[in-house]
Amino acid sequence: MAALVWALSVLVLAAGCGAQPPYPTGSAAVTTDAPPGVVVTLDPTVISGVESSVEEGLKAGQYLYLSLPKVPGALPWTKVLRTELEPQVQRFKELAPGTPKPPYPELSVTWGLVGASPKAIGVRLSTVELATDQTFSGKIQIAWWDPAIGAERPSQDLIAPDASQTFFDRVRAAAKTNTDLDADTLAKEFDGDWEGIDGVGFTTTGQLWVEFDRRQINQLEKPIAVTLSGEGLLSDFGKLARAAAVTPSDPALGGATPTSATTHSTKPTTATPSTKPTTQTPTAKPTKPSPSVNCAKLKCVALTFDDGPVAGTAQLLDVLKEKGVSATFFMVGSNAAMHPALIRRMVAEGHVIGNHTWDHPQLTRRSVESITSELNRTSDVIVKAGAPKPTLMRPPYGATNATVSQVAAELGLAQILWNVDPLDWKDRNSATVTKRVLAATRSGSIVLSHDIHPTTRAAYAAIIDGLRAKGFTLVTVPQLLGTTKPGHKYYHR
């Protein structure tokens, strides 16, 4: 995994990468001996039943990927966060070119858990917006939910009202030692009010972490933060938020709908944050060997699913099991991290798991370091869950180039594209999706679908029956293609 550097007072990520920092092994980033400037980042499974609410637009020229937290017992928060994003989403759609050509505009919002308890829940939202002319916007928000009042709290609510001036003084003092910060810009941006400051969280030792939007106080595209003492600054809610960050626990607010495929641990860990590959859980063993097929003679078709897993993926697995079909799942790492039991079930039932990056960026607009991190982090979390290390990857949006191919080759990953796309992300209609798959599929096809959509999951019983009625044999990608070459692109057999 490409290293993500965490300095004592500065968070440095690959330019333009919007990835969250990796969390340590276990259910929470709880540590007493980490450096004081390491921001708390928690394993999301500390919250039982937590999900991502994903909204995507895969149209060329208007790439959109919004991933927001969906916390049981705090579901209105998802709507609040989405409403806050709406002006930016609408502006992005209005400015997207009518006749696009690469590089494509992109708007991506991803999240990471930074606090969890029955008293306070915190998430770090990272927004990356890229225009055709390389214009960059990168907002950072650390949002807090107060279960006691059932409402979101702004960053300033972490600080006692009479301590605001002292807070700003400490921010300016901490910034003077940071060569990445422009002192003049900082003075103009923060002249004693809270406008522009909405990224306040905590480090692993309980210090305040104040993160700025990228290019807000300098011209860099990397996130920048300062740490400072919270002594005498915190409000009552701020103290609750700090406890939720440093000693996290399951909020257990109710409303969770766990399935037989999802289990979550709430036991804290004292592991130190690390970017090294995690220790592998023993690989799940298939309950039965995959049947041997000869796709040189049979009319083979590979069914593939992107962007999950989500809790609803279990419903699709039920259909596949009932029909006796093995498929290939290209997982977004941030979603895979929340569903290790689903991953183990997939392996046990004969499915193949591929890599779809950590948070679904357009890789053709990322650096080598960022691409490497996106892929390695995802493979690590898949292996941690007990699955074999992926040898297949699918670039989000199908966006690839020589750089992506080079990194994929170095990491031992073949690029699996597709030649059947039912546009299930656009048209949420099971009958329409079924009709399009059945009409477009040919021998050797790789069919693209998205298991995050209920209408897609509901379509697949009829799709499987229809394809078999046409004489197709349904297989995994490795069965369809045989040995694949790392870095090489495959659209069909």
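Leaving aside neighbours within four places in sequence, which residues is S405 in contact with? They are T400, Q415, G487 and K489, where contact means heavy atoms within 4.5 Å.

## Basis of the model

This is a predicted model, in which local features need pLDDT of at least 70 and side-chain atom pairs count only at pLDDT 80 or more, while totals for chains, interfaces and linings use all residues. Residues are numbered from 1 along each chain as its sequence is written, and side-chain values use heavy atoms, with hydrogens and water left out.

## The setting of S405

S405 is part of helix α9, which covers residues 402-410. Helices (H or I, at least four residues) and strands (E, at least two) are DSSP runs, numbered from the N terminus. S405 counts as buried because its relative accessibility is 15%; the term buried applies under 20% relative accessible area, exposed over 50%, and partly exposed in between, with a 1.4 Å probe and protein chains only.

## Nonpolar cores

A nonpolar core is a set of buried Ala, Val, Leu, Ile, Met, Phe, Trp, Tyr and Cys residues joined through side-chain atoms within 4.5 Å. The largest one has 59 residues, and the members that touch the most others are L113, W144, F167, L208 and V226. Strand β5 (residues 106-116) is the element that gives the most to this core, with 6 residues.

F167 is in contact with I159, W194, I197, V200, L208, V210, L228 and L233, its neighbours within four places in sequence being left aside.

## Packing of helix α5

Two packed helices are described by the angle between their axes and the distance between the axes. Axes are lines fitted to C-alpha atoms, for helices over the stretch in contact, and angles run from 0 to 180 degrees between N-to-C directions. Helix α5 (residues 313-323) and helix α11 (residues 454-469) have axes that come within 9 Å and cross at roughly 20 degrees. α5 is therefore roughly parallel to α11; angles under 35 degrees count as roughly parallel, over 145 as roughly antiparallel, 65 to 115 as roughly perpendicular and the rest as oblique. From α5, the contact involves T313, Q315, L316, V319, L320 and K323, and from α11 it involves R457, Y460, A461, I464, D465 and R468. By class, these are 6 nonpolar, 2 polar and 4 charged residues. Here Ala, Val, Leu, Ile, Met, Phe, Trp, Tyr, Cys and Pro count as nonpolar, Asp, Glu, Lys and Arg as charged, and the others, Gly among them, as polar.

α5 also packs with helix α7 (residues 340-348), at an angle of about 10 degrees and with the axes 11 Å apart. This pair is therefore roughly parallel as well. T313, A314, L317, D318 and K321 of α5 meet L342, R345 and M346 of α7, and this contact divides into 4 nonpolar, 1 polar and 3 charged residues.

## Backbone features in loops

Most residues other than glycine have a negative phi, and most peptide bonds are trans. The loop between β13 (300-306) and α5 holds P309, and the peptide bond from G308 to P309 is cis, with omega near 0 degrees. D307 lies in the loop between β13 and α5 and has a positive phi of about 85 degrees, although it is not a glycine. With a relative accessible area of 1%, D307 is buried.

H360 is located in the loop between β15 (352-355) and α8 (368-384). Its phi is positive, near 65 degrees, in a residue other than glycine. H360 counts as buried, at 1% relative accessibility.
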